[in-house]
Structures are given as structure tokens and as C-alpha cells.
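These are my notebook entries on one protein model. I wrote down what I looked up, in the order I looked.

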Amino acid sequence: MEQPAPSSSASRKQRDLLRFGLFALGLLVLNFLAQQFFFRLDLTADKRYSMSAATKQLLSQMPEPVTVTVYLAGDFPPAFRRLSQSTRETLDEMQLQAGSRLRYVFVDPSAASSEEARNKEYQRLIQKGLAPTNLGANEKGKRVEKIIFPWATITVGNREQNVLLLRGNQAAAPDVRLNQSIEGLEYELASAIRRLQPGQRRVIGIVEGHGELDNLQMADMISTLQRDYNVYRVDLSKVPSLKPLAAVIVAKPQRPYTEEEKFKLDEYITQGGRAMFFVDQMRVNLDSANRGGMLSFPQELNLTDMLFKYGVRLNGDLLLDLNSGLIPLVTGMTGNKPQVEPMPWQFYPIVNAFSPHPITRNLDAVYLKFAGTIDTVKAQGIRKTPLLFTSRYTRVLPAPVPVNLNDARLPPDPKLYTAGPKPVGYLLEGQFRSLYANRARPGTTQFQPAQSPQARPGKVLVMSDGDFARNDVDTKTNRPLRLGYDRLAATEFANRELVQNAADFLLDESGLIAVRSKEITLRPLDKVKVNEQRRGWQLLNLVAPLVLLALFGLVRAWLRKRRYASFGAE
């Protein structure tokens, strides 16, 4: 039997060494290139790890360092750990764009040496404005509850902003609400960072002079908008034009606008202005309704023809909804004191159906009072987007509408509530046609062209409820409550968030508000199958790797034996 030549064995070793050297060299070159040209690939179907272009631009242009403190560390149930992990992943992606100018830290508020120290930390965070949340989840058939602080604090220099990370619709299932919160993480963090950046603040004008809501009634909305914008009251009769304003708000007017005032509004909007109209088409006096009832009639505000020209019509009717808020009624006497109880009041719809628009996506329920229906009419070049709808258990009463608080004592007849969902808010976008085209300017002989040379596309939000932007006032302290807070139900509705989102959408030129449209598909496992097949999958995960390893060893030994057997045969 002949043995292999020594030279043949040496050549094989040289080839192996050459291959190993080339492989090592390739790894070094690949590592060098990876350090010089960094990139990441998001292979998820919903692009959950991808930052929007607006967020990237914001982070890359930050003039000052940003510190993010997240209070979501600790031992959480799996559902809550997902929110914590998603927050960390979002901040990791942001850090890649911002570099050393952004740093973050996770803090566990419960990590204290004693219960007393933990309670002090809780109290410190609450005084800072970070309200705790008691969330529950089902694990293996058991209910698990945990007090958490789903907040982050963003610090830029000596400026600080609290960010609520747990948002979404409270009526949704816990898993769905957590998923909605994860979808909004990028926007919540990025918008707070933008809010803290120095820059020129744009001006929002709140129209007055026609019985609109006063400063106390709009205090919370004004303070909310003042975080990002300068807000002033504007009397249309005293300003030559609205051109210096970034947006205008018309909130619950009760007296008609003059033609000259309406012309200024129309000129502003058709030249690219942004506007929000919170308008009651019907007049309701609750004092009269409490004293024995009243008839509600349409009120003339001299805005109908202008809004009609823009593409919507506020109808002379009132909506009733079985999904409604409460009103206090005297139900009896306790001694010489009246006994007051909250009763459902169908004229106060609670709206929890929204379009998937950035203004209303993943929004919690909002609260309306004496809202009416809105119809759309033909308006060339205008895109009309319905934003929010009543429930399907709705009733529409045309004018004149009897309004009597004593009706709240009677149970409603569900057979009458069959009108279906009705839109109560529209967003209008496009190049608006002037109501005064080919006409003389009011009070003058100055002829207006068919289209102004300064015409630009604009945006208009129309809500059929003037009280939507109105906050309640504490009668004892005369201090405003949060917008959307209902004292009777002890519930805070999302009226404030909708107004803030609407202002950001109307005025956002960077496109950051579009991040609210981000959608992450929830793909839950079948819990019944998980419980039934748990042991089988556990055994498979335990045994399968061992079986594959054993098969690999047997195949490798067989190939090795066969290879050397062939050498012996030579």
C-alpha cells in the first residue's frame, strides 16, 4: 500500500493556511468598512425601527445636548416590559442620529432601600407632575397589577419637559393600548425635544368681539398652546389684516360677524392661512332649560355662507347620543338641602370613534356639548377629511329642538337612536375659493379678482361644538380646570390633546406630526393554543437542539471516517 507523498500533505497545509489567511483578512477588511460606513436595515413589515425623515433632521440639528430620563426600569410583567423595551429601542435609534448630543438613562422609582424612601420618591415624582398609573395584565390566568410611572423627563439646559409614554384609548384592551403607546413613542419624544429647542415662536390669534369664550373659559387651551406658540386675542374690527398670524381660532361666537370682519377671515384663509372653527349652529341656554325648558333655534353668526364656500355646512339641529356624559339634577331633599345626582344627558355626546388621521389617531375619547351635524358640499380643490364621529346609537333633532333638563330623569328609548354615526368635525385642505371673488370688498368699491395673486393652499378645522375648547371653572376657587375634565364623572377626556394635535398639524412645516400615523401591527398569540400546547413546545425546544447536535456529530464522524478510509485505500 502506497503512502501519500509528503509534498502532497505539505501543499494541503499551505492551501489551508492560505484560505485561513484570506478569511482573516476578509474579516478585517469587512470590519474596517463597517466602522467607516455604518448602516442599519429594518426588515420588519411595519418598519417599527425606522425613524422618519423629520425626526432625523430634528435630531441632527440639535444645538444643545439633550438628556432623557425614563422612569420605566424595574420588574414589570411582560406586557409592560414591552413598553419599556420599545422606549429603549426608540431612544437607541434617536441616539444613532443625534450622536453624543443625546443621552438617556432608565430609572426605577421603586428601587429604594425602604418603603419610606420609596414613598418619598413617589411623592417627589408626583409633585413634579408625573402621575403614576396602576395597570393590570393577565399572566397564566392570574391578574397582575403594578404601579408604574410611564413618564420620561427631557432636559435641555435649564429647560425641562415631561412626556407621558402611556397614551392611547382607555376603552381599548390593555394590549391594544400599550401597542398604541408604542406607536406614538417617536412622536412624543421628538415633539418634546423640538419644543425645548430655541427658535422663533409663531403667533396664534384667538378672535374676540362676538361673544366668544373668554380667557378664563379658554385658560387651559391657551396655556397648552403657549408651550409652542405665542397666543394673543385679536379683535377683527381693530386690525387691518390677519396676515402676521400663523393661525386663528374662532371659539363659540354668539353674535354675528360683520361683512368687513368676515372678509378679513376669508382673505386670510384663501391666502394660505390656518384656522380652527369651534362653532355652535344652535343657541342653547341652560338656565332656561333648567327652569322649565326652552326651544333651541339656529343662531345667525354670518359665517354659514363662508364655510359653505369652503365645503361644509353646519346644520340647524342637535345630536343626541346614548353614549353620553352626565349632568347634575336635583332628585330630592335631604333635610333642607337639595340632593343632587348626576344623570346621563344625551345632549352631551362622548365621542370615541376617529379617523386614522394624525390629528386623531390613537386618541382617547372626547367630550362634546350640544353638537350638531355637519354635511359636506362641493368645493373644487378641497380635500375633506372627517375626523370624529358619534356612536351608532345617535338621534338627530331638527330645529326647533326642545331642551329640558327634566328629560334626563326619563330613560331614553333606544328605538329612536338609529341615525348611525355622524361626523362632528372636519379637516379641510386645499386652495380655498374666496367668498368675495368677483365682488366688491365690503364697504368699498374695490373689486376683488376671481383669485388673489397671493392665493396659497390653506387648512381649516371645523367642529360643530363651540364648547369643545372650553374648560370648566372651579366655582370655589374661580380657577380653570383642565380642558376635557368632567367633574361629575371624574374623568379627563382628550379634548386638550385633539386641539394640540390640530394646532401642530395646521402649523407643522417639518412633517413631524405625520409620525403619529405610524402603525405597528399587533400579532398576539392564540392564548388557548398556548395553554394547550405549552408542554409540547417546551419539549420541542429542549430536545430538538440536542437531537440536531447528535445528528451533526454522527454525520461528521461518518464523513471523517469515510475520508480517511479512502486515503487508506490509495
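Which residue in β12 does Arg283 stand opposite? I looked it up, and Arg283 stands opposite Phe297.

**Entry 1: ground rules**

I note that this is a predicted model, in which local features need pLDDT of at least 70, side-chain atom pairs count only at pLDDT 80 or more, and totals for chains, interfaces and linings use all residues. Residues are numbered from 1 along each chain as its sequence is written, and side-chain values use heavy atoms, with hydrogens and water left out.

**Entry 2: the whole protein**

I found 12 helices and 28 strands in the protein. Both are DSSP runs numbered from the N terminus: helices are H or I with at least four residues, and strands are E with at least two.

I then looked up the overall extent. The C-alpha trace spans about 120 × 70 × 50 Å along its principal axes. The radius of gyration is 32 Å, while a compact globule of 570 residues would have one near 25 Å. That radius is taken over C-alpha atoms, and the globule rule is 2.2 Å times the number of residues to the power 0.38.

Buried residues make up 43% of the 570 residues. Here buried means under 20% relative accessible area, exposed means over 50%, and partly exposed is in between, with a 1.4 Å probe and protein chains only.

Of the contacts with a separation of 6 or more, 74% are between residues 24 or more positions apart. A contact means heavy atoms within 4.5 Å.

I also looked up the charges. The protein has 75 positive and 57 negative side chains, and the centres of the two sets lie 6 Å apart. Lys and Arg count as positive and Asp and Glu as negative, while His and the chain ends are not counted. The place of a charge is NZ of Lys, CZ of Arg, CG of Asp or CD of Glu.

**Entry 3: a sheet of three strands**

I returned to the strands of the opening question. In what order do the strands of this open sheet of 3 strands stand? The order is β11-β12-β22, with antiparallel pairing. β11 and β22 stand at the edges with a single partner strand each, so one side of each is left without a neighbour in the sheet. Two strands pair if DSSP finds at least two bridges between them.

β11 (residues 282-283) and β12 (residues 294-298) are joined by 2 bridges. Between β12 and β22 (residues 401-403) there are 3 bridges, and Ser296 stands opposite Val401 in β22.

Pro402 is in β22 and is partly exposed, with a relative accessible area of 46%. Leaving out residues up to four places away in sequence, Pro402 touches Met294, Leu295 and Phe347.

The peptide bond from Ala399 to Pro400 is cis, with omega near -5°.

**Entry 4: a hairpin**

β15 (residues 324-334) and β16 (residues 337-351) run antiparallel and are joined by 10 bridges. Ile327 stands opposite Met343 in β16. The hairpin has 2 residues between the strands, and Gly335 takes a positive phi near 70°.

**Entry 5: the loop between β17 and β18**

Is Asp364 buried or exposed? Asp364 counts as buried, because its relative accessibility is 14%. This residue lies in the loop between β17 (353-354) and β18 (366-367). Leaving out residues up to four places away in sequence, Asp364 touches Gly168, Asn169, Gln170, Asn352, Phe354 and Ala494.

Asn362 is in the loop between β17 and β18 too. At 22% relative accessibility, Asn362 counts as partly exposed. Its phi is positive, about 60°, although Asn362 is not a glycine.

I noted a positive phi near 60° for Asn438 as well. Asn438 lies in the loop between β23 (423-430) and β24 (458-463).

**Entry 6: two helices**

How many of the 10 residues of α5 (residues 174-183) are buried? The count is 7, and among them are Arg177, Leu178 and Ile182.

Gln123 is in α4 (residues 115-127). With 42% relative accessibility, Gln123 counts as partly exposed.
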